[in-house]
Amino acid sequence: MAEQGHRSIIPSRFRGSRATEERFAYMLLAPVVILVGGLILVPVTGTFIKSFYRDVAFLPPVKFIGVLNYKRLLSDIHFLQSTLFTVLFAIAAVLFETVLGMFYAVVINEKFRLRGLMRAIVLIPWAIPTIISAKTWSLIYNFNYGLLNYVFTHLHLSSHPINWLGTSASAFFSIVIADVWKTAPFMAILFLAGLQSVPRELYEAAEVDGASLSKQFFRITLPLLRPVIVIALVFRTIDSLRIFDLIYVLTGGGPGGSTSSVSIYGFKSYILGDFGYGSTVSVFTFLLIFLFTVFYLKAGRFSEGLKL
Amino acid sequence: MTDKRKKQLLVWIGSGVIALICPTPFIWMIVVSFAKYPDFLASEKIPYIFTLKNYIQIITTHDLHVMDYFKNSLIVAIIVVFVTITIASFAGYAVSRIKFRGKTVIILGILAVSMFPQISIVGYLFKFMTQIRWINTYQALVFPYIAWVLPLSLWILIGYFMQLPSELDEAAMVDGATRMQTLTKIVIPLATPGIFSTALLAFIGSFNEFMFALMLTTDYHARTMPVGIALFEGLHGEIPWGQIMATSAIASVPLVIMTLIFQRYIVQGLTAGAIKG
């Protein structure tokens with residue numbers, strides 16, 4: 001990747017000296033580095049430092065307390081519950097998204113009359129802002145006049161209305177469903193790009209050999225898509241481990257804290273004015289994401305594909 | 001049944017499933033936004049009566065501030081897109097065309113930054129913005145948003161710039177063009193479709209952002225549309241679903257139409273961002 005611009009045929013006098021070129025490159029990069037550094041790296045570092053402090057609004061003084069926040073974290077049952085929820089949510093959501101996304105992609109990759117329309121329709125959930133889709137889902141899940149209960153009771157799938165967001169198990173799946181609906185299209189787009197690069201001849205050859213459709217999918221499509229799948233999994237797992245917006249609107253972390261994600265939990269600490277502890281929760285959230293990413297990259301042998 | 005017929009059947013069934021899953025909540029939003037009684041499913045006695053009142057109310061009732069939220073969201077998103085695209089193009093040009101030390105470190109660093117969860121930034125930002133008295137202002141959102149959408153924008157742009165043959169700008173430089181001229185006169189014009197899809201994604205990213213806006217704004221002076229919708233309160237207590245869905249529809253219909261029109265560019269941008277690397 002880095003070498004492309006430099007099989008240069010131009011004598012260097014036209015390009016300026018190496019040092020001038022380099023200085024120019026740094027100048028072009030400076031705004032990005034300053035903004036990303038100042039507004040992301042500095043706050044992240046600040047948060048890390050703050051995680052070793054006691055800093056509660058209206059209750060001065062701010063005091064260095066070493067790893068006390070971390071000790072509190074590991075014995076905080078509500079935090080541990082949030083961690084467990086976040087991990088389970090990420091696994092369930094990403095799993096269903098991958099399957100549904102692959103299903104979308106396989107369908108809209110086929111040549112048929114309505115393909116253009118179907119490709120557009122698949123993108124609708126992606127285009128709707130998360131908060132809006134969350135609000136819409138919360139209306140759909142409404143106990144008294146929600147669409148889902150209406151459908152369920154009228155199709156006799158359930159004799160009585162279900163309190164979708166009211167029990168921990170149903171709230172978990174309600175959140176997963178809303179999230180999968182919103183994000184499967186993103187997966188589908190990535191997979192579609194992967195599918196389009198699979199040579200048609202492979203399938204033709206397989207057909208000649210009499211391989212069934214499912215065999216073609218599992219023996220040709222899936223193995224060839226592996227790199228794309230790994231990248232999609234990394235992207236989506238990172239994203240679902242930091243889930244916030246959807247839960248904030250759907251359940252606010254309830255009932256009884258059972259659907260509180262680590263981001264929701266950290267946010268609540270901030271809102272309560274406990275910046276030291278909130279920072280500790282945030283650091284932990286990042287660690288969680290980092291661990292998962294490393295795991296994927298190792299398991300997916302991702303680095304082989306990343307030629308920088 | 002032959003495999004070909006089987007495949008055809010599967011594709012049609014699949015299309016049916018997609019047509020059922022993907023648009024339904026969106027359509028439901030529109031249906032409720034036009035309902036006089038949004039709880040019309042509660043019992044047979046409540047009829048569905050079509051009305052425009054929800055839309056009229058959110059547009060004309062100033063105390064709901066819906067139009068303020070839209071204005072704020074648009075202003076913030078437009079500034080963010082403009083600045084982001086400008087500086088990401090500069091950086092993307094440097095990365096794709098010029099050889100310099102530390103390139104890999106910078107690229108990987110910027111990519112790694114997009115791994116941070118927002119929660120690990122927002123507490124610090126809140127304290128900082130409180131200190132410099134920026135809470136509830138546009139700039140309190142604009143700067144963090146730029147930093148937030150920059151990594152992905154840059155990543156996508158690098159992908160596009162790499163695709164353009166460097167012989168083009170090298171030829172221009174032989175003819176005496178400066179680096180800056182090759183960027184503004186050759187690379188940017190040729191990469192317009194790529195820049196356009198990057199801008200679309202940056203716009204959507206900024207327009208949809210929630211956590212920063214929730215923490216860094218306090219009322220309609222700077223509050224953006226997602227926060228406005230999440231915290232929507234009627235003037236009379238009960239949840240005003242009709243108004244909430246009407247607001248949601250006004251916000252999402254343009255986005256959905258834009259997505260359908262520019263589908264090709266968006267797909268290109270998303271896949272370039274994820275797969276090009």
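Helices here are DSSP runs of H or I with at least four residues, strands are runs of E with at least two, and both are numbered from the N terminus. The peptide bond leading from Gly254(A) into Pro255(A) is cis, with omega near -5°. Another cis bond joins Pro60(A) and Pro61(A), with omega about 5°, and Pro61(A) belongs to the loop between strand 1 (53-54) and strand 2 (63-64) of chain A.

Before going on, keep in mind that this is a predicted model, in which local features need pLDDT of at least 70 and side-chain atom pairs count only at pLDDT 80 or more, while totals for chains, interfaces and linings use all residues. Residues are numbered from 1 along each chain as its sequence is written, and chains are lettered from A and ligands numbered from 1 in the order in which they are written. The value pLDDT is the predictor's confidence in each residue, from 0 to 100. Chain B has a mean pLDDT of 90, and 97% of its residues reach 70 or more. Where pLDDT is low, the predicted coordinates should not be read in detail. For the complex, the predictor gives an ipTM of 0.92 and a pTM of 0.91.

Now look at where the chains meet: 85 residues of chain B are in contact with 90 residues of chain A. Contact means that two C-beta atoms, placed from the backbone, lie within 7 Å. On the chain B side there are 59 nonpolar, 15 polar and 11 charged residues. Here Ala, Val, Leu, Ile, Met, Phe, Trp, Tyr, Cys and Pro count as nonpolar, Asp, Glu, Lys and Arg as charged, and the others, Gly among them, as polar.

Next, follow helix 5 (residues 103-113) of chain B, where Ile106(B), Ile107(B) and Ile110(B) are buried. They cover an arc of only 95° around the axis, so they lie on the same side of helix 5 of chain B; the arc is that of the directions from the helix axis to the C-beta atoms. A residue is buried if 20 or more other C-beta atoms lie within 10 Å of its own, exposed if 12 or fewer, and partly exposed in between. An α-helix has 3.6 residues a turn, so residues three or four places apart point the same way. The face turned away from the buried side of helix 5 of chain B carries the exposed residues Thr104(B), Val105(B), Leu108(B) and Ala112(B). The buried residues pack against helix 1 (18-50) of chain A, together with helix 4 (66-97) and helix 7 of chain B.

Finally, visit three single residues. Met29(B), in helix 2 (residues 24-33) of chain B, is buried, with 24 other C-beta atoms within 10 Å. Leaving aside neighbours within four places in sequence, Met29(B) is in contact with Thr136(A), Met245(B), Ser248(B) and Ala249(B). His156(A) has a positive phi of about 60° although it is not a glycine, and His156(A) counts as exposed because it has 7 C-beta neighbours inside 10 Å. Arg133(B), also not a glycine, has a positive phi near 55°, and with 9 C-beta neighbours inside 10 Å Arg133(B) counts as exposed.
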